[in-house]
Amino acid sequence: MPQPIKVLLVDDKEDYCKSLSGPARHYNLQIAYRLDWETGFEYLQKNPSIEFVILDGKGKAEADQEVEHESFALKAIKDIQEYGNKQNKQIPF
């Protein structure tokens, strides 16, 4: 069996994230999830084998943030693009 495709999922709903992990294995996807962009971006930077990122449309930008917000996705997209450029690697989202 080929190596799994490593994916980062950033969504503030942990039950949803967990519910995707099992079925994803059937498609050779290995999902790591984080509940906010702050910890998600740290994980992305420490794990260069991540091939793409799935973002919630409305989420938490910081770990201590109480309420989700749509600006989360815009910040994440900007960070992913800048990080990808520095690594000379396109990271789909």
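Student: What separates Trp 37 and Phe 41 in helix α2?

Tutor: Trp 37 and Phe 41 are four residues apart in helix α2, so about one helical turn separates them. Helices here are DSSP runs (H or I, at least four residues) and strands likewise (E, at least two), numbered from the N terminus. The model is predicted: local features need pLDDT of at least 70, side-chain atom pairs count only at pLDDT 80 or more, and totals for chains, interfaces and linings use all residues. Residues are numbered from 1 along each chain as its sequence is written, and side-chain values use heavy atoms, with hydrogens and water left out.

Student: Why is Trp 37 called buried?

Tutor: Buried means under 20% relative accessible area, exposed over 50%, and partly exposed in between (1.4 Å probe, protein chains only). Trp 37 has 1% relative accessibility and therefore counts as buried. Phe 41, at 17%, counts as buried too.

Student: How many aromatic pairs does a search of the whole structure find?

Tutor: The search finds two. In the pair of Trp 37 and Phe 41, the ring centres are 5.3 Å apart and the planes lie at 25°, so this pair is stacked. Rings of Phe, Tyr and Trp (its six-membered ring) pair if their centres lie within 6.5 Å; planes under 30 degrees apart count as stacked, over 60 as edge-to-face and the rest as tilted.

Student: Which residues of α3 are buried?

Tutor: They are Phe 72, Ala 73, Ala 76, Asp 79, Ile 80, Tyr 83 and Gly 84. Seen down the axis of α3, the buried residues fall within an arc of 130° (taken from the directions from the helix axis to the C-beta atoms), so they line one face of the helix. On the other side of α3, Leu 74, Lys 78, Asn 85 and Lys 86 are exposed.
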